[in-house]
Amino acid sequence: MVKQLLKAEVESLGGLQLKCSARGFEFMIDEPISSGGTNEAMNPLEALLCSLGACKMMVARFFYQSKHIDLKKMRVEVLGEIDSDRLKGKPNVKVGFSKIITNYYIEAANSPEEIQSFVTFIEKTCPVKDTIVNSPEMELHINP
């Protein structure tokens, strides 16, 4: 097995604005004004939902032809349910999402069974979903 190490960096730009970088690409993270941010970019949880949805779409785009899906149009909507008391310091409140819902909108010249089979394949093949469902070992290093 050949393992690959992916690298991402996050740098504080002041306040709650962050610059996220990987492979020479960048995007911003912020918080809504109601949470102390400037509302100039999505927050980290929204970015996670976007990453999950993007991964599912990438799997679909990589494999739709080999799976004989006559794909005309596709969109993925990802919703995350979270307890708003999480930041108020209430004990026994889950900090992250308690539920993630994916809604697929697929226009294809295929039967409902073929589309369901394709979605099942996407769900089993998406590495971001696998990372969320089967949590990886986490290491922490504090550097000077």
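Helices and strands are DSSP runs numbered from the N terminus, with helices (H or I) of at least four residues and strands (E) of at least two. The model described here is predicted.

In this model, the largest pocket has a volume of about 1,200 Å³. Its lining comprises 26 residues, and those nearest the pocket centre are Ala8, Ala22, Phe27, Ser51 and Val128. Two or more lining residues are contributed by each of the strands β2 (17-22) and β3 (25-29) and the helices α1 (44-63) and α3 (127-133). Among the elements, α1 supplies the largest share of the lining, with seven residues. Sorted by class, the lining of the largest pocket contains 19 nonpolar, four polar and three charged residues.

On the α1 side, the contact is formed by Lys56, Val59, Ala60 and Phe63, and on the α2 side by Phe118, Phe121, Ile122, Glu123 and Thr125. By class, the residues of this contact between α1 and α2 comprise six nonpolar, one polar and two charged.

Key: Residues are numbered from 1 along each chain as its sequence is written. This is a predicted model: local features need pLDDT of at least 70, side-chain atom pairs count only at pLDDT 80 or more; totals for chains, interfaces and linings use all residues. Side-chain values use heavy atoms; hydrogens and water are left out. On a 1 Å grid over the protein atoms alone, a cavity is a set of points where a 1.4 Å probe fits but cannot get out, and a pocket is an open set with protein on both sides within 12 Å along at least five of seven lines; lining residues have an atom within 4 Å of a point. Grid points are joined across faces, edges and corners, and a volume is the space filled by probe spheres set on the points. Ala, Val, Leu, Ile, Met, Phe, Trp, Tyr, Cys and Pro count as nonpolar, Asp, Glu, Lys and Arg as charged, and the others, Gly among them, as polar. Contact means heavy atoms within 4.5 Å.
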